[in-house]
Amino acid sequence: MTPSKRFALVAGETSGDLLAGLLLGGVRQRWPDLTSFGIGGPRMAEHGFEAWWPSEKLAVRGYIEVLPKIREILSIRKQLRDRLLSGERPDLFIGVDAPDFNFDLEVALKAGGIRTVHFVCPSFWAWRPKKVLKLRRSADHVLCLFPFEPALLAQHGIDSTYVGHPLAQVIPLEPDRRAARKRLGLCDDDTVVAILPGSRQSEVQYIARRFFDAAVLMQRQRPGLRFVVPALPALRPRIDGLVRASGLQGMTVLDGRSHDALAACDATLIASGTATLEAALFKRPMVIAYNMNWLSWQIMQRKQLQPWVGLPNILCGEFVVPELLQDAATPQALARGVLDWLDAPERITTLQQRFTTLHHTLKRDTAQLATDAIEKVLQS
């Protein structure tokens with residue numbers, strides 16, 4: 001009898017949990033008796049994943065913001081490495097994004113004879129180009145979300161497979177705005193702005209207040225505007241407090257449900273990150289913004305290789321939506337950017353055509369392609 005497969009995974013943050021959950025759905029069809037464990041979240045648990053630590057432990061972004069958590073994170077990585085190299089060795093380790101945590105772990109596991117796959121090519125083509133050198137040492141194979149990445153990795157001698165972006169499968173090509181509004185208790189003729197201030201505590205800390213101040217300014221000019229704010233449960237108390245402090249009327253804070261919010265809205269004010277790609281797949285106009293610790297911002301700017309930060313602009317190769325970063329992300333500029341979209345339906349139509357083309361490019365059978373690639377790694 002063939003022994004059952006054992007996969008260890010590490011997925012940090014909500015987006016990593018989503019990607020890993022979709023991946024596990026595919027590999028469990030290939031290996032129904034698969035055992036999986038490591039660091040993960042609720043989407044992974046739906047497929048039988050045993051979380052030794054929750055993915056929220058790794059949910060931190062920025063060079064300075066990580067400092068208060070660094071000792072705990074390093075301790076977790078050491079404990080995990082020791083367990084995987086001792087009595088609980090897996091057949092395969094899959095690091096899902098979180099390169100700053102996963103790369104060193106993968107290097108150690110690979111040296112210990114465990115095959116490694118990294119899911120999500122680090123965006124070395126956009127910033128931090130030296131990441132590709134570490135990726136070469138850490139991963140036996142890379143699963144890429146974007147079609148141009150395998151050719152770039154091949155230049156560095158790294159095996160990889162383009163598997164498409166799982167979100168392109170989850171989000172419909174033609175989102176049903178009316179149904180989403182019905183689920184959220186909104187009317188068909190409401191003008192709705194979705195506000196997404198991020199999924200990390202540090203993002204909410206640095207950008208949410210500006211978003212809500214912008215919403216106040218928008219509502220002064222358009223009193224009938226409605227606002228929806230999807231919030232992760234862990235961030236809900238903080239967001240509720242900021243909404244109360246703003247005095248804003250007509251704002252609905254949701255428990256999660258970011259896809260309903262994006263499907264229902266006319267435009268979105270959104271923190272830079274994976275959510276901007278989700279907004280593009282929903283074909284919604286957006287204003288991308290980000291604000292972080294000043295020192296982190298200075299470091300990040302020096303490592304940036306492209307003029308864009310938001311994924312929709314990077315993938316389209318031009319500024320198809322505005323980005324307002326750091327000091328430029330004032331409430332006045334954010335409000336003006338969103339209202340400009342609401343006043344320009346012809347621009348929205350053009351943007352939706354670009355996003356529809358992008359959606360077709362990214363839509364692949366990710367779980368199947370990833371599982372095929374993983375099986376080849378196991379057989380190599």
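Here is a short chat about the predicted model shown above.

Me: Let's start simple. How many helices and strands does the protein chain have?
Reply: The protein chain has 17 helices and 13 strands.

Me: And how compact is the chain for its length?
Reply: Its radius of gyration is 21 Å, close to the 21 Å that the globule rule gives for 380 residues, so the chain is as compact as a globular protein of that length.

Me: What does the C-alpha trace span along its principal axes?
Reply: About 65 × 40 × 35 Å.

Me: OK, what share of the residues is buried?
Reply: Of the 380 residues, 54% are buried.

Me: Which residues touch the most other members of the largest nonpolar core?
Reply: Those are F7, L9, I94, F119 and I195, in a core of 98 residues. Helix α9, residues 201–221, gives the most to this core, with 9 residues.

Me: Let's pick I94. What is I94 in contact with, leaving aside neighbours within four places in sequence?
Reply: The list is F7, A8, L9, V10, L23, V117, F119 and I374.

Me: You mentioned V10. Which core includes V10?
Reply: V10 belongs to a second, separate core of 17 residues, which also includes F37, W53 and L109.

Me: Back to α9 for a moment. Is Q219 in that helix buried or exposed?
Reply: Q219 sits in helix α9. Its relative accessible area is 15%, and buried means under 20%, so Q219 is buried.

Me: Which residues does Q219 contact, skipping neighbours within four places in sequence?
Reply: L225, F227, L248, Q249 and G250. Take Q249: Q219 and Q249 are 30 residues apart along the chain, and their C-alpha atoms are separated by 8.4 Å.

Me: New topic. Where is H165 found?
Reply: H165 is in the loop between β7 (160–162) and α7 (166–170).

Me: Why does H165 count as buried?
Reply: Because its relative accessibility is 4%, and the cut-off for buried is under 20%. Leaving aside neighbours within four places in sequence, H165 is in contact with L19, L145, F146, L277, L362 and T366.

Me: Zooming out, what share of contacts with a separation of 6 or more comes from residues 24 or more positions apart?
Reply: That share is 68% in the protein chain.

Me: Last one: how far apart are the mean positions of the positive and negative charges?
Reply: They are 4 Å apart, for 47 positive and 39 negative charges.

Key: Residues are numbered from 1 along each chain as its sequence is written. This is a predicted model: local features need pLDDT of at least 70, side-chain atom pairs count only at pLDDT 80 or more; totals for chains, interfaces and linings use all residues. Side-chain values use heavy atoms; hydrogens and water are left out. Helices (H or I, at least four residues) and strands (E, at least two) are DSSP runs, numbered from the N terminus. The radius of gyration is taken over C-alpha atoms; the globule rule is 2.2 Å times the number of residues to the power 0.38. Buried means under 20% relative accessible area, exposed over 50%, partly exposed in between (1.4 Å probe, protein chains only). Contact means heavy atoms within 4.5 Å. Lys and Arg count as positive and Asp and Glu as negative; His and the chain ends are not counted. The place of a charge is taken as NZ of Lys, CZ of Arg, CG of Asp or CD of Glu. A nonpolar core is a set of buried Ala, Val, Leu, Ile, Met, Phe, Trp, Tyr and Cys residues joined through side-chain atoms within 4.5 Å.
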